Amino acid sequence: MLIDEIKDCSKCGICRAVCPVFFIVNDEVMSPRGRISLVEALIEGNLSVSDRYTDIIRSCIKCTRCADVCPSGVRPEKIVQSAREMLYNTTYTSKTIKEILRSTLDRGRFRNYIVKKFREDKPDNTVPLWFLPLIFHGNAYLPNLAEKTVLEKYPEDVNNGRKQKVGLFIGCSINYSNTDIADSAIDVLEKLEISIFIPKDQTCCGVPLLFYGDVEGAKELAKVNIKAFKYDDLDAILTICPACGITLKQEYNRLVNDSDLKTKVYDISEYIAKFTSYNTRKLDISVTYHDPCYLRLGQEVLAEPRKILKGITDYIEMKDANKCCGLGGTLGLLHPEISQKIGEDKLKNIANSNADIVATGCPGCILFIRDMLKKAEINKKVLHTVQILQKSLLD
Ligand code: SF4
Ligand code: SF4
């Protein structure tokens, strides 16, 4: 029961020290403990929902840093998620938001909507980051929409007949826009002699819907994806985006009661580091790595990307690599000023590392960090770990 989980919180406040949002705003209601108290007050009828209430509940990044340090084993981000699900069916979730979120249930409609809104109506053909998949930063811009999505470009079966066979989950941001990351991932897997299954029927993982508490919508997407992957035939399902990864690994079990799936899902860097061997050449570049929240804290994948990068580059660990870059789920959309302040720290640590290239494992972090570097006129490339590995693999 949710209320029992809430009562496990001793209100000690230890979690306040690690919450990136509280660190910037220094307001108790925006701390993990404060959010738990707000959910408790709502359940016990001591508080009613308001715009301010909804805003506070939706400004948690769900980075899980609080759960990481809680001595009582409380999961504040899960309590926040339950509150979001309670808020979804109230008037505090606008009809427009619901409509856009629900458009992800119909891939054709979703694509047409994006193309109409951002290719035909906008002369510069750029897509505001908040649209894909509605969890990104309002003031930054994605690269152009791809002429061909990843799912249009590749056949379902690539490199058939190899000893290992994996399914590749593409995710919306990479499918529609950051297609170069998928190109690198597919090339790397081919070079590693792995067969790849890229089902055309796969769809959005459901994370934007879950962020707003639309459990029923997310359930529908989970069912479509599980059916599309027919995962009995696969050694693993690989994700290239940590938000998709954490959703498949942790949320699908809850949504559709499928406990087998999570044992098959790996982040691509996790799978490559654990289950493959390869020959590389050392690259003459220095690289620093940023831990995406949903990869390090959500999936405990932190050693694997470092292992890959240390083997092929001059690796430099930046200060506070595991701190959020500032993108932070819906935070950038709701509170760009907090998002930007969190980002300033990341920028400083990247600059101080003096590395030539910033590597990370999340398409959202890549775009957000690129945008910050550009605005600060710092000339550094930001690449996905597989894009760097691709450059070093020998044929
Ligand atoms: S969530 Fe955990 S760390 Fe935070 S106040 Fe409650 S018991 Fe303390
Ligand atoms: S999940 Fe992250 S942002 Fe949310 S309350 Fe915990 S530490 Fe703060």
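**Exercise 1.** Find which exposed residues lie on the face of helix H20 turned away from its buried side.

*Solution.* On that face H20 carries Glu 337 and Asn 352, both exposed, where exposed means that 12 or fewer other C-beta atoms, placed from the backbone, lie within 10 Å of a residue's own, and buried that 20 or more do. This is a predicted model, in which local features need pLDDT of at least 70, side-chain atom pairs count only at pLDDT 80 or more, and totals for chains, interfaces and linings use all residues. Residues are numbered from 1 along each chain as its sequence is written, while chains are lettered from A and ligands numbered from 1 in the order in which they are written.

**Exercise 2.** Explain why the buried residues of H20 line one face of the helix.

*Solution.* Begin with the buried residues themselves, which are Ile 338, Ser 339, Ile 342, Gly 343, Lys 346, Ile 350 and Ser 353. Seen down the axis of H20, they fall within an arc of 125° (taken over the directions from the axis to the C-beta atoms), so they line one face. In general, an α-helix has 3.6 residues a turn, so residues three or four places apart point the same way.

**Exercise 3.** Determine which residues come nearest to ligand 2.

*Solution.* Of the 15 residues around ligand 2 (C-beta atom, placed from the backbone, within 6 Å), Cys 19, Pro 32, Cys 60, Cys 63 and Cys 66 come nearest. The elements giving two or more residues to this shell are H2, H3, H5 and H6.

Note on methods:
Helices (H or I, at least four residues) and strands (E, at least two) are DSSP runs, numbered from the N terminus.
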